[in-house]
Amino acid sequence: MKKRILAMLLALSMALALAACGGNNGGGNDKPADNSTNGDTQQPAPPADDSGSGTKSVKVGLICIGDENDQGYTYNFIRGKEAATEALKANGIDVEWVVKWNIGEDSGCEDANIELAEEGCDLIINNSFGFEPFMLKVAPDYPEIEFIACTNQASWGDGLENTHNAFANIYEGRYLAGVVAGMKLQQMIDDGEITAGQAVIGYVGAFSFAEVISGFTAYYLGARSECPSATMKVQFVGSWSDATEEANAASALADMGCVMISQHSDNTTPATTAQSKGVFHTGYNNDMISVASEASLIGTRIDWAPYFEYAISSVANGGSFDQDWCHGMDMGAVVMTPLNEDIAAPGTAERLAEVEDQIKSGELQVFDTSTFTVDGAELTTAFALDTDGDFTPDSEEAVFDGAFHESYFQSAPYFAISIDGIEWLNQAFG
């Protein structure tokens, strides 16, 4: 399967090259019928009972950038792990987990993969974007073990049969969180608390990567669907998980006049900072109402349980599984955290259910090109950066049928476009 370099043209004189592996999903399968089902994956099937006891055992390694106490990114993986373990047990599969906590995106990750392989793991899951290069150094030496890089993009096209990528259409949940934020902003305008021009969102982003850009753009489009005057400022912190810098960024955004804070970062400090500043917040990875009940409206997260069930049951049954997997609300891989109805705008729950149904059915395309502009013009094509550094049309055109089709050609996001209405205060590359 050939690799491609996929990147998007950034407007406003900003060019961002996104290194990605294009191509049909699932190691050579035909491309999906739509962008809600990347690959031909089905829901995990109960294992065939060919063991004398009726129970199968699988040893799974999980390498985490944080620990279960971060109440954010790693905690969300642990929730998926626990839910999948329970579901698999009900289907006759016992999972023995070996977890490596607080592993850096460095040679320590390589060591962790080797240690888990030597401990006899059948499957090893790496949970952070920066883990993949180190995982790929180890995987060729253990062809009998399956290796997964979550939220990444190089494994499925590397020519190795035992490496995999997995992601979810989190932009769907981002859009819905934006709808909630937009309804609150419009309520504040209607009640005379702010003017239309003061409906400014502040977004704490980790890096200037497509994953983050895709997320905050979807969020903004959701917000603007309910509050047309909304604008956004984005502050990148240069880290996936730095509680102090995330708090500093949220504080600075509030001081700039942002009355709504959201985030693509791992900690709860943007929520607690928003509350301390007297502004509202929507979260990521976890329900943050418990730490900011007066500010946090809702959040969205990836539910890793469906994918873990699918991959682990495949290994238990001696079968294969997709090298590039991506689903969204269609399979419960993207979910919303509870709505804080004490502070949400009236009618939010009903509107949220309506828009979610539209996303699931395909009636609503998150990146509908009629709903945003790039440098004043409607987006009509996606562009890729060629080896000479020039922008040329990509062979896999993501703009068609009136929308940019995110995560259609690969699971990893590739929407890296700066649209009108969103101000980037800085940039940060890992």
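**Strands, sheet and helix packing**

Reader: How many bridges join strand 5 (residues 146–150) to strand 6?
Author: Strand 5 and strand 6 run parallel to each other, and the number of bridges joining them is four. In this predicted model, local features need pLDDT of at least 70 and side-chain atom pairs 80 or more, while totals for chains, interfaces and linings use all residues. Residues are numbered from 1 along each chain as its sequence is written, and side-chain values use heavy atoms, without hydrogens or water. Within this pairing (at least two DSSP bridges between strands, which are E runs of at least two residues numbered from the N terminus), the residue that stands opposite C150 is A166.

Reader: Which residue of strand 12 stands opposite N165?
Author: Strand 6 is also joined to strand 12, which covers residues 324–327, and these two strands run parallel with four bridges between them. Opposite N165, on the strand 12 side, stands D324.

Reader: Is strand 6 largely enclosed by the rest of the structure or exposed, and why?
Author: On one side of strand 6 lie T163, N165 and F167, on the other H164, A166 and A168, and these residues are all buried, which leaves both faces covered. Buried here stands for under 20% relative accessible area, taken with a 1.4 Å probe on protein chains only. Because six of the six residues of strand 6 (residues 163–168) are buried, the strand is largely enclosed.

Reader: Which strands form the edges of the open sheet of seven strands?
Author: The order across this open sheet is 13-11-10-9-7-8-18, with mixed pairing. An edge strand pairs on one side only, and that description applies to strand 13 (334–336) and strand 18 (422–424).

Reader: Which residue of strand 18 is the bridge partner of K233?
Author: Strand 8, which spans residues 231–236, runs parallel to strand 18 and is joined to that strand by three bridges. For K233, the bridge partner in strand 18 is E423.

Reader: Is helix 2 parallel or oblique to helix 9?
Author: Helix 2 (residues 73–90) packs against helix 9 (residues 305–316) with the axes 8 Å apart and at an angle of about 50°. The residues that meet include F77, A84 and L88 from helix 2, with F308 and I312 among those of helix 9. Angles under 35 degrees count as roughly parallel, over 145 as roughly antiparallel, 65 to 115 as roughly perpendicular and the rest as oblique. The angle between the two helices therefore makes helix 2, relative to helix 9, oblique.

How values were computed
Axes are lines fitted to C-alpha atoms, for helices over the stretch in contact, and angles run from 0 to 180 degrees between N-to-C directions. Contact means heavy atoms within 4.5 Å. Buried means under 20% relative accessible area, exposed over 50%, partly exposed in between (1.4 Å probe, protein chains only).
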